[in-house]
Amino acid sequence: MIIISNPTAIANEINTIHALFEEGMELFHIRKPNFSEREIKNFVNSIGLKYSQKLVLHSHHHLAEDLGINRIHFTEKARTNSIRVSNPDGIISTSTHSTAEFNTLSNDDYEYAFLSPVFPSISKENYISKTDLFEEVKKRTNFNTKLVALGGISAANVKQTLEHGFDDVALLGTIWNSEKPVKNFLLCQQIAHSF
């Protein structure tokens with residue numbers, strides 16, 4: 001199970017991240033699109049370099065080596081525009097918005113890719129899929145890349161999502177738009193691990 005950061009800074013964010021790691025968070029995506037280089041460095045240093053192998057950078061990829069991070073993520077736009085930073089010893093992930101797009105990744109080096117939004121987004125108002133992604137997943141031909149569901153994922157639908165062919169889930173709104181982020185994480189984690 002993957003957790004994605006809130007796109008903007010929020011109260012108690014670092015404390016929540018530490019609590020999530022203590023409860024078994026495996027991967028934390030740092031998606032702060034408006035953060036400067038310095039802000040990304042400060043954010044990573046605040047999390048702590050002991051977690052660097054569990055962090056994934058969405059921007060300022062050139063900082064990864066200095067920060068001890070070996071995972072980088074490419075947005076759909078960066079991937080399609082061939083804006084690519086070499087990460088020969090690292091792990092690369094990306095974002096997609098259709099199964100057809102996901103299937104084209106089969107010959108690339110992406111460990112996993114997000115497919116979104118599976119459900120109406122919790123964090124983005126009026127962000128919904130134009131197609132039924134559960135039906136779309138039946139058209140999957142790429143089994144080299146792990147397929148990760150993103151968008152509206154919560155404890156209420158983790159099991160259903162995994163049953164419909166997704167390899168994993170990513171959480172954003174159910175964590176950061178909640179007064180009990182760690183509790184929501186634990187509920188989702190319990191369901192995902194029991195699947």
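Ring pairs join Phe 119, Phe 134 and Phe 166 into a cluster; rings of Phe, Tyr and Trp (its six-membered ring) pair if their centres lie within 6.5 Å. This is a predicted model, in which local features need pLDDT of at least 70 and side-chain atom pairs count only at pLDDT 80 or more, while totals for chains, interfaces and linings use all residues. Residues are numbered from 1 along each chain as its sequence is written, and side-chain values use heavy atoms, with hydrogens and water left out.

Five aromatic pairs are found in a search of the whole structure. The ring centres of Phe 119 and Phe 134 are 5.6 Å apart and the planes stand at 80°, so the pair is edge-to-face (planes over 60 degrees apart; under 30 is stacked, the rest tilted). Phe 119 lies in the loop between strand E6 (110-115) and helix H6 (133-136), and Phe 134 in helix H6, so the pair ties together parts 15 residues apart in sequence. Phe 119 is buried at a relative accessible area of 17%, and Phe 134 is buried at 11%; buried means under 20% relative accessible area, with a 1.4 Å probe and protein chains only.

Turning to the helices, H1 (residues 13-22) and H2 (residues 37-47) pack at an angle of about 45°, with their axes 9 Å apart. The contact (heavy atoms within 4.5 Å) involves Glu 13, Ile 14, Ile 17, His 18 and Phe 21 of H1 and Phe 43, Ser 46 and Ile 47 of H2.

Terms used: Axes are lines fitted to C-alpha atoms, for helices over the stretch in contact, and angles run from 0 to 180 degrees between N-to-C directions. Helices (H or I, at least four residues) and strands (E, at least two) are DSSP runs, numbered from the N terminus. Buried means under 20% relative accessible area, exposed over 50%, partly exposed in between (1.4 Å probe, protein chains only).
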